[in-house]
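The structure is shown first.

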Amino acid sequence: MSKRILESRFAFIGLVLIVLALRVIAAQQVGMEVDEPINYTAARFISRVGYPALRGELHEAVRAYHFHPFFGFYVIWGWMQVFGLGVIQARLLSAVTSTLAITMLSIFLRRVVDKPAGTICLMLLGLDGWMVVTNSMVYLENIQMVLIVVAVILYYRAISVDGKESLIRYMIAGVAIALPFIYKHIGVYLIFGVVAYWLIDRRHWKGHIVLGIMVALVTIAYGTAMYVRWHGEWLEPTMVQVYRTFGLRPSRGLNYGIGHIIEVVTERYWIFPTTIVGLLGGAAIAAAGYSSRILRRIVARPNLHTALTWGVGAGLLSIGILFSNQYLMLVGVGLGVTFRSAKAVQRIVESLQMQRVTWVIVAWSVGALVFGAGAALKSPHYFMLWQLPLLTLLAIGLTTLYKKRPKTTMVILAVVVVMNAGTYYTRVLTARGNAVERSADFMGAMLPQDAIIGTEPYIGVLIPQPYARIDQSSPEELLALKVEYLGLYRSTTADIPQAIGGRRNVARYCATVQVFDGFKDTVEVCKINRDALQQFVEERRLEQPPPEGVNMPPP
């Protein structure tokens with residue numbers, strides 16, 4: 001019976017419809033999240049000015065929004081021209097494109113592995129609670145998923161043939177791999193995956209050179225066209241994002257260390273058990289399988305693998321301690337202990353059907369993990385891009401288990417369905433609170449229309465009043481700009497900016513007017529006491545060290 005279900009075309013189609021329905025319902029239930037207002041507003045401005053843009057801060061004019069490439073905004077705008085200009089309509093695009101990407105990947109596995117693999121992949125990716133929620137929001141990554149899946153499929157087709165035909169396929173794959181990158185910078189992690197695969201396969205070096213050339217040509221062509229049209233207005237914000245992408249510039253988000261991430265999971269994200277297992281389990285299998293393959297290429301004697309693994313792990317741990325990088329510390333400990341001590345992980349790796357497609361998924365996962373550890377961009381919704389390869393790898397593993405123990409596999413899948421149903425009930429059907437949108441509505445309706453409000457840009461774009469960005473303002477600037485109110489956003493992964501004093505100091509000069517709670521976030525609207533703010537500014541000035549060579553008078 002289980003065999004007929006997992007291999008049935010009708011069951012697969014029915015599951016696709018369920019996957020889409022879950023996202024459509026979630027799009028109408030969950031509150032607005034960070035970045036959604038910016039993506040939605042930038043797309044809507046195309047109707048007014050002809051390109052993605054946002055209302056300027058304070059009394060500045062409308063300006064083009066270049067922190068992300070324009071492509072995704074045009075797709076959202078085109079969709080809204082047909083289906084309506086509301087946030088819900090924009091979210092429905094995310095539901096459709098994410099379902100399309102997951103379905104394409106699952107069909108790919110049905111053809112190159114077997115039918116149960118595709119169905120299991122569809123179940124893991126399509127029903128995962130985190131994927132459902134983030135796939136139902138106005139995030140550019142939901143469209144990017146389609147480009148990524150197409151690129152992976154075309155890359156697999158390129159490495160699967162020999163001769164002159166493969167060079168043409170590598171050219172096509174190179175263009176496809178460049179598209180997610182120029183669509184949004186975080187798509188560069190696919191290139192990490194290609195490099196990871198070549199290091200363990202070492203075939204078709206000419207093809208990979210051609211692929212790299214095509215990626216470079218597409219990227220240069222895009223960059224040249226944008227610079228000719230926009231000049232520095234495009235280059236400056238683009239470089240900010242590029243620096244963040246490669247970890248060369250800090251970015252707000254999950255940047256508080258492993259201890260804070262564990263705290264966040266236990267406090268709020270425990271309702272996503274399959275997501276946590278998918279990330280940790282998929283990462284362990286990918287890293288263990290990849291490290292074993294690399295070591296076998298370097299050292300023929302198996303008894304040296306453990307020593308080398310521990311050595312690399314100790315080196316990474318030392319570098320992590322030296323530079324206070326907790327992610328490197330975690331990877332070092334994982335390499336040095338988990339991959340050689342956890343026999344269960346090794347057995348899973350050895351039992352996998354390590355076909356070519358499996359190694360492509362492994363390399364894709366490793367590229368995502370390496371990039372994710374090094375990048376400064378760690379907003380929670382980016383995890384959907386990591387989940388794509390990691391849950392796909394777990395699907396291949398469950399398919400291998402299914403051939404040996406079908407009943408056990410069906411029980412595991414049943415548990416996955418039940419846990420995701422609990423997540424969906426808790427996060428989508430019963431969760432209440434829309435802190436971002438409700439606070440913006442309150443400020444727009446209840447505060448003076450000429451009042452200057454200090455807040456985050458994703459709230460500022462929703463209010464009619466002039467606003468100042470508090471993540472780039474100091475208390476001195478709040479005083480000079482005559483900011484009267486603050487809209488303070490904080491969540492499990494982001495706190496009130498230290499630029500204006502942090503949560504403790506802001507409470508000294510800003511009195512609470514109203515508080516709005518969401519699932520994982522809170523927005524506090526408060527009114528600034530100018531005398532208290534002036535006193536705080538004076539205290540800060542006295543606490544700051546004098547410029548070098550300047551003698552302060554005695555007290």
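Met239 is located in helix α13, which spans residues 232–245. The model is a predicted one. With a relative accessible area of 29%, Met239 is partly exposed, because that class lies between the buried limit of under 20% and the exposed limit of over 50%. Although Met239 and Phe67 are 172 residues apart in sequence, their C-alpha atoms are 8.7 Å apart in space.

Attention now turns to the cysteines. A search of the whole structure finds 1 disulfide. Its partners are Cys510 and Cys526, with an S to S distance of 2.0 Å; the pair qualifies as a disulfide because the cut-off is within 2.5 Å. The link of Cys510 and Cys526 is right-handed, with 95° about the S-S bond. Cys510 belongs to strand β6 (residues 510–517) and Cys526 to strand β7 (residues 521–528), so the bond ties together parts that are 16 residues apart in sequence. A disulfide is a covalent bond between the sulfur atoms of two cysteines.

| Residue | Relative accessible area | Class |
|---|---|---|
| Cys510 | 6% | buried |
| Cys526 | 0% | buried |
| Cys121 | 0% | buried |

Cys510, at 6%, is classed as buried because the limit for that class is under 20%. Cys526 has a value of 0% and is likewise buried. Cys121 is also buried, at 0%.

Methods: Residues are numbered from 1 along each chain as its sequence is written. This is a predicted model: local features need pLDDT of at least 70, side-chain atom pairs count only at pLDDT 80 or more; totals for chains, interfaces and linings use all residues. Side-chain values use heavy atoms; hydrogens and water are left out. Helices (H or I, at least four residues) and strands (E, at least two) are DSSP runs, numbered from the N terminus. Buried means under 20% relative accessible area, exposed over 50%, partly exposed in between (1.4 Å probe, protein chains only).
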